[in-house]
Every structure is written in structure tokens, then in C-alpha cells.
Amino acid sequence: MPRLQPLPPETTPELKAHFDFFLSTLGFTPNSVLTMQRKPKLVKAFADLNAAVMDPAGEVELGFRRLIGHVASKAAGCLYCQAHTLLGAHNFGVSDEKLAAVWTYETSPLYSEKERAALGFALAAASQPNAVTDDVFERVRRHWSESEIVEILGVVAMFGFLNRWNDSMGTPLEAVPLEVARKAAPRGDWSPGKHGQK
């Protein structure tokens, strides 16, 4: 049950352009943003951050950036963001097989050592307490440039905000990401937990 109900998009007409940004990447405006619109400046700041972190001109592939967000969200335990990141990865061309294997990226042949280094770094960076050791950082540095590492950590940091937002609000999960998350789960038994629609 959401702790604050998402408001209809028309509640704050001046945010339409920001809502439309999410329509172009997800196909809908997330309930997290519809809840956030009670403070329009927060929506604008978040949309700007999201646009910078997920900039199509970035060096790290867009679908893979969503997988980084997924692993970070798994570390934080946010089921809402886990589902959204799988949907985002799917929408940017990550195969269903690779989505399903993200749960075992360290051993899956679908993931390269370069990808494993980035996902391991994301997992360590999202952990509490922070688990980025010199060894973890050197592993990611062997495969990624400094500017790519900044992009990767930007994704982790943005999802740190989203994980706390959505878990604290109990944001209700929309139908499309729920379907993608269930399909990607090893046995199709993924549950939205408190983010289930009531």
C-alpha cells in the first residue's frame, strides 16, 4: 500500500515536459515521479539528474547502465527499482537471456569480464556500509576509463536516491515493469513486495 498516493500527471501541468521525458524511455510516467510532484522543483531536479546520468551521448551503453542500476537496487533491496531497471535495460536492447542472467552475472557466460567488473563495482558501491575496496576499484579500472567509471558511479548514486525514495514511500509498481521482472526472475516467481498494487 503506498504511503502517499501518486497524483495524476495533470495535477501539475508545468511538469508535462518532465513527465514526457519518462514516457520516451519507459512508456509511462513512473509512480515515483507522480508522488514526487508535490514538490515540483524536486521533479525538475531529478529529471535533470536522470537526463545527465542516462545521457544517450555517454560512453557506457544505455542498456548496460540500467543493469548497473539493477545491481545497485538489488544491493539496496528496492524491488520497485529492480523492476524498473530491468524494464529500462529491456527497452534499450538487452536480451531476455541476459536480463535473466543478471542475477548470476559473475558466473554467466553472457557477461564479459569487463561487465562483471562494472557490476561488481556497482554492488560494492551500493552496499551499506560501502564495500568498494582498493581491489574492487582496481578491477573496474583495468577495464573502464576514468570517465566511464564516473558514469557508472553516477548511475549507482542516482539509484541510491531512488531506492530510498521508493522503499520509504512504498511506491506502487506499474504493470509493465512487474511483468518484465517476473519474466527475468530465475523461476518467474519475482514478487513486488510492498510495491504490489492493492
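## Contacts along the chain

In the protein chain, 68% of the contacts with a separation of 6 or more join residues 24 or more positions apart. The model behind this figure is predicted.

## Overall build

The protein chain holds ten helices and zero strands. Read from the N terminus, its elements run α-α-α-α-α-α-α-α-α-α.

How does the radius of gyration of the protein chain agree with that of a compact globule? A compact globule of 198 residues would have a value near 16 Å. The protein chain has 16 Å, so the two agree. Its C-alpha trace spans about 50 × 35 × 30 Å along the principal axes. Of the 198 residues, 51% count as buried.

## Where α4 meets α9

Helix α4 covers residues 62–76, and helix α9 covers residues 146–169. The two pack with their axes 9 Å apart. The angle between them is about 45 degrees. That angle makes α4 oblique to α9. Is the crossing of α4 and α9 left-handed or right-handed? The crossing is right-handed.

Which residues make the contact? From α4 come R65, I68, G69, A72, S73 and A76. From α9 come E151, I152, V155, V156, F159, N163 and D167. Sorted by class, the contact of α4 with α9 has seven nonpolar residues, three polar ones and three charged ones.

## In brief

The chain has ten helices and zero strands, and 51% of its residues count as buried. Helices α4 and α9 pack at about 45 degrees, in a right-handed crossing.

Notes. Residues are numbered from 1 along each chain as its sequence is written. This is a predicted model: local features need pLDDT of at least 70, side-chain atom pairs count only at pLDDT 80 or more; totals for chains, interfaces and linings use all residues. Side-chain values use heavy atoms; hydrogens and water are left out. Axes are lines fitted to C-alpha atoms, for helices over the stretch in contact, and angles run from 0 to 180 degrees between N-to-C directions. Helices (H or I, at least four residues) and strands (E, at least two) are DSSP runs, numbered from the N terminus. Angles under 35 degrees count as roughly parallel, over 145 as roughly antiparallel, 65 to 115 as roughly perpendicular and the rest as oblique. A crossing is left-handed if the near helix is turned anticlockwise from the far one by less than a right angle, and right-handed if clockwise. Contact means heavy atoms within 4.5 Å. Ala, Val, Leu, Ile, Met, Phe, Trp, Tyr, Cys and Pro count as nonpolar, Asp, Glu, Lys and Arg as charged, and the others, Gly among them, as polar. The radius of gyration is taken over C-alpha atoms; the globule rule is 2.2 Å times the number of residues to the power 0.38. Buried means under 20% relative accessible area, exposed over 50%, partly exposed in between (1.4 Å probe, protein chains only).
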